[in-house]
Amino acid sequence: MDIYMIVLRAIHIATAVFWAGATFFFVSFLEPAVRKSGPEGGKVMQTLAAGRYPVALPVIVLLTVVSGLLMYWPDSGGFNLIWITSGFGLGITFGSVMGLIAAAIGIAIPRSATARMAMISKEIQAQGAPPTPAQMAEMKKQSERLAKSALWTAVCLSLAVLGMSAAEYLAF
């Protein structure tokens with residue numbers, strides 16, 4: 001029994017489930033509800049952004065990626081091309097690549113978009129007046145970037161899950 005691989009696999013699966021679930025919930029329910037709620041929805045997103053979520057999710061993503069990479073190395077025999085091009089190897093490799101793309105999209109774009117939105121919010125508070133049309137347009141632009149990045153993250157995560165879960169059954 002390989003305790004190291006069991007622990008890595010448990011971490012990988014648990015954190016991936018959390019990450020995918022949070023992403024699918026955001027894309028399917030939270031973001032559309034926030035968008036339909038207008039300014040009140042913006043307050044919900046500000047509250048979410050000020051809490052533990054923006055710290056917890058990157059940690060979860062990092063744990064998922066690192067545990068996956070630590071498992072990939074021994075499973076692949078040190079990136080053995082024969083293993084990688086086997087049915088199982090292709091499924092795991094495809095899922096891994098999709099997961100890495102999801103991590104890149106899911107961390108980089110939201111981080112820059114939320115930072116820009118926070119800066120605009122501070123400007124609006126400092127001016128003591130309602131937001132200008134330019135500020136509103138920029139907030140909308142950043143909000144749309146967030147929604148698109150979440151959607152692409154969800155697509156990549158779906159493909160990652162499909163690749164990894166089907167890998168055992170890919171024989172050619």
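The model is predicted, so local features need pLDDT of at least 70 and side-chain atom pairs count only at pLDDT 80 or more, while totals for chains, interfaces and linings use all residues. Residues are numbered from 1 along each chain as its sequence is written, and side-chain values use heavy atoms, with hydrogens and water left out.

I begin with the helix pair. Helices here are DSSP runs of H or I, at least four residues, numbered from the N terminus. Helix H1, residues 3–36, packs with helix H3, residues 53–75, at an angle of about 140°, and their axes are 8 Å apart. Axes are lines fitted to C-alpha atoms over the stretch in contact, and angles run from 0 to 180 degrees between N-to-C directions. H1 is therefore oblique to H3; angles under 35 degrees count as roughly parallel, over 145 as roughly antiparallel, 65 to 115 as roughly perpendicular and the rest as oblique.

Contact means heavy atoms within 4.5 Å. On the H1 side, the residues that meet H3 include Leu8, Phe18 and Trp19; among their counterparts in H3 are Leu57, Ile60 and Met71.

Let me turn to single residues. Val7 lies in H1 and is partly exposed, with a relative accessible area of 42%. Ser96, in helix H5, residues 87–127, is buried, at 18%. Buried means under 20% relative accessible area, exposed over 50%, and partly exposed in between, with a 1.4 Å probe and protein chains only. Neighbours within four places in sequence aside, Ser96 is in contact with Tyr72 and Met164.

How values were computed. Helices (H or I, at least four residues) and strands (E, at least two) are DSSP runs, numbered from the N terminus.
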